[in-house]
Amino acid sequence: MADIKLAFVIQRPPYKSETSTLGFTHAISYQVVEMLLEDGQNVIPTVCLVGEGVLNLIKDQKAMENYGVTSVESHGKNSLLVDLDMLVCKEDMERFGLAEDRLLDAEDMGADKKLQIVPYAEIQKVLEDSNHLLFF
Amino acid sequence: MGVLTLACFSSLVGSKSLDFTLKLAKTAADKGHTVNLWLSSNGTMIGKAHQKHLKDYSHAEKPVRELLEKGVQICECEACALARGIQKPEAIEGVQWNAMHWYLAKIYSSDRVLHVGGE
Amino acid sequence: MKLGVFVNDYKSTVETVERLTAEKLGLIFIQNGVFHAALKENGKPSPLLDKTGNLYALSEDLATRGLTAADVDSRVKVVTYSDVVDLIFNDYEKLAWL
């Protein structure tokens with residue numbers, strides 16, 4: 001009976017492939033994993049966005065309008081809505097010239113969680129504290 | 001002996017990541033380890049029966065059936081498969097269909113996890 | 001942490017690999033990642049070879065690309081699938097595919 005921690009590290013940019021989307025959806029699935037576990041067993045995910053992965057978080061995406069698919073932005077907002085911790089690499093945001101106000105939030109959905117913009121060193125610490133690493 | 005859970009998100013045709021995953025799964029199973037395999041995204045193509053083995057393309061039906069015979073649990077993402085037009089009656093018998101929480105639950109009980117993400 | 005990284009590409013994942021740190025870091029070159037072990041681009045070995053002393057290249061993926069152990073930098077150990085399974089269970093507790 002123990003918790004295991006998983007780091008979902010999203011490093012791929014959006015839309016060229018579905019990889020980043022699947023990072024979010026797999027992390028969100030922690031909500032129902034208890035159906036297949038014993039009492040007291042928990043999976044605790046943390047989503048980390050590094051490198052080009054931070055580009056998934058730019059708000060006002062028009063994927064539904066242009067491709068008829070749920071935007072990566074929506075998956076990001078849903079991740080916040082289900083209380084996932086989402087860490088965004090500060091150095092990579094600066095490298096791409098992205099200010100915090102360009103990134104999504106899920107306040108309109110009633111989410112309590114917000115994106116946490118942190119130095120890479122904090123993301124490295126998450127990797128060290130996690131039992132397993134899943135790079136998307 | 002340990003428990004290894006593998007995932008593969010890459011396609012059967014057009015990438016060799018799935019070939020790598022299957023070979024690693026077979027080698028680990030042959031050495032006596034317990035192996036689980038989760039297939040998502042384009043990796044779900046692997047679960048379709050009646051793959052024709054053309055020499056220019058990777059072919060996975062035979063190794064998948066061998067892994068199943070060795071007791072490897074293989075499960076593919078149902079939504080990913082359905083989105084690609086793969087129906088359950090066309091699936092290789094023994095390959096499970098489920099959702100992403102199957103993968104997380106297998107990870108819970110694993111000693112090692114190798115997540116082979118998509119391109 | 002003891003981290004084994006499967007480097008499966010030649011160019012696209014270098015940045016992420018270079019950032020990673022671990023108490024024990026292993027780089028397992030597979031697929032096009034084996035070019036890190038064998039090429040000297042502009043006469044220089046891949047900078048990833050300076051990242052750690054624990055370097056491995058999958059023999060099957062070298063051979064598939066027309067490379068042999070003789071092409072591989074002396075710091076890199078050529079391994080089989082069986083060796084890779086042993087590395088996974090005996091040497092590294094966490095794994096990453098980059």
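A helix axis here is a line fitted to C-alpha atoms over the stretch in contact, and angles run from 0 to 180 degrees between N-to-C directions. The model is predicted.

Start inside chain B. Helix 1 of chain B covers residues 17-30, and helix 2 of chain B covers residues 61-69. Their axes come within 10 Å and cross at roughly 25°. Angles under 35 degrees count as roughly parallel. Helix 1 of chain B and helix 2 of chain B are therefore roughly parallel to each other. The crossing of these two helices is left-handed. Which residues make the contact? Helix 1 of chain B supplies Leu22(B), Ala25(B), Lys26(B) and Ala29(B). Helix 2 of chain B supplies Pro63(B), Glu66(B) and Leu67(B). By class, this contact has 5 nonpolar, no polar and 2 charged residues.

Now turn to chain A against chain B. Chain A gives 21 residues to the contact, and chain B gives 17 residues. On the side of chain A, strand 1 (3-10), helix 1 (19-28) and strand 5 (132-135) each supply at least two residues. Helix 1 of chain A has the largest share, 4 residues. The side of chain A that touches chain B has 13 nonpolar, 7 polar and 1 charged residues.

Chain C also meets chain B. Here 12 residues of chain C are in contact with 17 residues of chain B. Helix 4 (81-90) and strand 7 (94-97) of chain C give two or more residues each. Helix 4 of chain C gives the most, with 6 residues. By class, the side of chain C that touches chain B divides into 9 nonpolar, 3 polar and no charged residues.

Methods:
Residues are numbered from 1 along each chain as its sequence is written. Chains are lettered from A and ligands numbered from 1 in the order in which they are written. This is a predicted model: local features need pLDDT of at least 70, side-chain atom pairs count only at pLDDT 80 or more; totals for chains, interfaces and linings use all residues. Angles under 35 degrees count as roughly parallel, over 145 as roughly antiparallel, 65 to 115 as roughly perpendicular and the rest as oblique. A crossing is left-handed if the near helix is turned anticlockwise from the far one by less than a right angle, and right-handed if clockwise. Two residues are in contact if their C-beta atoms, placed from the backbone, lie within 7 Å. Ala, Val, Leu, Ile, Met, Phe, Trp, Tyr, Cys and Pro count as nonpolar, Asp, Glu, Lys and Arg as charged, and the others, Gly among them, as polar.
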